[in-house]
Amino acid sequence: MTVETKQTARPSFDAASLRGDLWIGGAWRPGRGGDPIDVVDPSTGEAFAAVADASEADALDAVTAAHDALPAWSATAPRKRSEILRRAFELMIERRDHLAELISFENGKALPDAIGEVTYAAEFFRWFSEEAVRLNGELGVAPGGANRILVQHQPIGVSVLVTPWNFPAAMATRKIGPALAAGCTCVLKPATETPFTAYALAEILAEAGAPAGTVNVITTSKAGPTVSAMLHDPRVRKLSFTGSTEVGRRLLKEAADQVLSCSMELGGNAPFLVFDDADIDAALDGAMIAKMRNGGEACTAANRFLIQSGIAEDFARRLAERMGALTVGPGYDPETKCGPMVNAAAIEKIDSLVEDAVRRGARVRLGGKPLDRPGYYFPPTVIEGVPGDAEIRREEIFGPVAAIATFESEDEAIALANDTEFGLIAYVYTGDLSRGLRVSERLEAGMVGLNRGLVSDPAAPFGGVKQSGLGREGAHHGILEFCETKYIAASW
Ligand code: NAP
C-alpha cells in the first residue's frame, strides 16, 4: 500500500517577530555562549530563525534572577499566584492559533496536533491556578498525646526545568504551572529544536503578571555543561526533567552531588494489548491516537502492538488502511495529518529500527522507507510478525511505525508487555472489564489506558515506573513535587 504525500509551498510566517534572546530577570538579553543557534523547519530542513546561545555564566545569571525573585514570590498570596496562572491560561487560549503555528514550524507536527497541544498545555496553567489555593497541610495529635503534629508544604525553592522538543508547550507548562503555584521560581531550558515556544510562554507569563525573575528561559548549544553549572549551584534545590532515559540517568548522577530533589519524566516503550474479545473498531480508534498523535513522537506512543493471534491479521489490515489514508506533508498545511519528524537523526533511527525488524523476519504491510523529498519525512508504516529479538521491541521508535506481534494467552500478553526496562504507559483493549482491571493491575506501568488510546490529563498523575521516571506531573501530585514537607512538633 502506498502513502499519499503532499508538497505545499511554505506559508509566510513572520519569523522577524519572534523573540530569540535569553529571558532573564524579566528582560531580553543576548547570549554569551557563541553564535546564535539556527532553528530549523523540519518540513523543509531549512533554518527559519535563530536563538541566543547561553553560556554557563548566563545560566548562573538566570539562577541569580530566580533566587532574587524567590522570597517575594513565595510570600505572595496563593490567590494572587493563582490569578496570574489563570490569566496565563486565558492568554494561551486567546493566542492558540499563533502558538500552534509556531509549534508546527519548530517541531513539524500537524496543525490539529499542535492546536491540541496548546489547549492541553494551557490547561496546566488553569489546573495549577486551582491547586495554588488548595495546598493544605495536616494537623494531628502525637500518639503519646504530648504534642501536636503540624505538617506544611513549603516551596522547595529555585527549580531548574529541562524539557524536550516533542511537546514544547505542554512539557513546559506542566512544570512551570506547579512550580509557580507552589511559590517556586524557575529557570527553563527548552530543547534546542523548539526554543521559540518557550520564549513565547515567557512573554505570556510576564503579560499575565508573573514578576521579573520568577520564570527565566535560556537556550544553549551546550546543554550538558550549562545545565550542570546550574545543578551545582547551591541556590538550586530542584530538577524537573522530561526527556530521554539516557540523559535522565546522567542528570540524576549530576543532581546527586547536591542531593537535589528530582522529578524525571523519561522514555517509554508502551505495549498496546488487544484481546480477541475487544471491540475492534474501538481498538483501532485508540490505536490511531496512541500511535499517530504527534506522528508517533510521544513518550506515550504505542510502541509494541501485541494482538491476540486470532484477530491479528484483521487488526493489521485495518490499521494499515487507516494509517495509509493519512496525508503526509508539512505540519502547518491544514490538510496534513502526519507531519515530518523533528530532524534527520530521527529519520535515521526509525529507518534502522524498521530495517532491523525486517532483517529478522518482520513483514512490511505499509510504508517502510523514508520519503525522498526535502524535510524529514517517514511515512505511516505497519510491520507485522515482528520477532521478539527485534530492536524495535526494546527501543522507543518515536515515529509513525506500528510494529505488530501476537500473543496466545493473558499470561503471555502480560509477560510480553512487562518485558522491558521502561514502564511509562500500557494500553489494554478488552470487552471484559474484570479482565481489563486484572491485567491493568499486573502491568508494570505508571499509567494504563483501559479501552482508551489517550490518557494525558492535567487532573491526572502522569508518570512512569522502572526506567521511565520518578515522580508524577499533573493532579495534586504535581504541585507536591515542588514542595518540601515541613513537620512542626508543637505544644500548646
Ligand atoms: P533528550 O535528548 O533527553 O533532551 C531533553 C532535554 O534535555 C533537551 O532540552 C536537551 O537539550 C537536554 N539535554 C540533552 N543532553 C543533556 C545533558 N547532557 N545535560 C542536560 N540536558 C541535556 O530528549 P528529546 O530527544 O528532546 O526528547 C525525547 C525523549 O523525551 C523521549 O525519550 C521521550 O520518551 C521523552 N519524553 C518523556 C515524556 C514523559 O513525560 N515521560 C514526555 C515527553 C518526552 P538539547 O535539545 O539542547 O539537546
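This is a predicted model: local features need pLDDT of at least 70, side-chain atom pairs count only at pLDDT 80 or more; totals for chains, interfaces and linings use all residues.

User: OK, how many residues surround the ligand?
Analyst: 31 residues surround the ligand. The closest are T163, R174, T192, S244 and E396.

User: What classes are in that shell?
Analyst: The shell has 16 nonpolar, 9 polar and 6 charged residues.

User: Which polar atoms sit by the ligand's oxygen atoms?
Analyst: A polar side-chain atom of E396 lies 2.4 Å from an oxygen atom of the ligand. For G243, a backbone N or O atom is 3.4 Å from a ligand oxygen atom.

User: And what about a nitrogen atom of the ligand?
Analyst: One is 3.3 Å from an N or O atom in the R250 side chain.

User: How much of the ligand does the protein cover?
Analyst: The protein covers 86% of the ligand's accessible area, which is 900 Å² on its own.

User: New topic. Which pocket is the ligand in?
Analyst: The ligand takes up the space of the largest pocket.

User: Which elements give two or more residues to the shell?
Analyst: They are helix 5 (170–182), helix 7 (223–231), strand 10 (236–242) and helix 8 (245–256).

User: And which domains?
Analyst: Domain 1 (15–266 + 468–490) and domain 2 (270–458) each give at least three residues to the shell.

Note on methods: Residues are numbered from 1 along each chain as its sequence is written. Side-chain values use heavy atoms; hydrogens and water are left out. A residue is near a molecule or strand if one of its heavy atoms lies within 4 Å of it. A polar contact is a pair of N or O atoms within 3.5 Å; within protein, one must be able to donate a hydrogen and the other to accept it, and residues adjacent in sequence count only if both atoms are side-chain atoms. Accessible areas come from the Shrake-Rupley method with a 1.4 Å probe; for residues, only the protein chains shown count as cover. On a 1 Å grid over the protein atoms alone, a cavity is a set of points where a 1.4 Å probe fits but cannot get out, and a pocket is an open set with protein on both sides within 12 Å along at least five of seven lines; lining residues have an atom within 4 Å of a point. A molecule sits in a cavity or pocket if more than half of its atoms lie within 2 Å of its grid points. Helices (H or I, at least four residues) and strands (E, at least two) are DSSP runs, numbered from the N terminus. Ala, Val, Leu, Ile, Met, Phe, Trp, Tyr, Cys and Pro count as nonpolar, Asp, Glu, Lys and Arg as charged, and the others, Gly among them, as polar. Domain bounds come from an automatic or database domain assignment.
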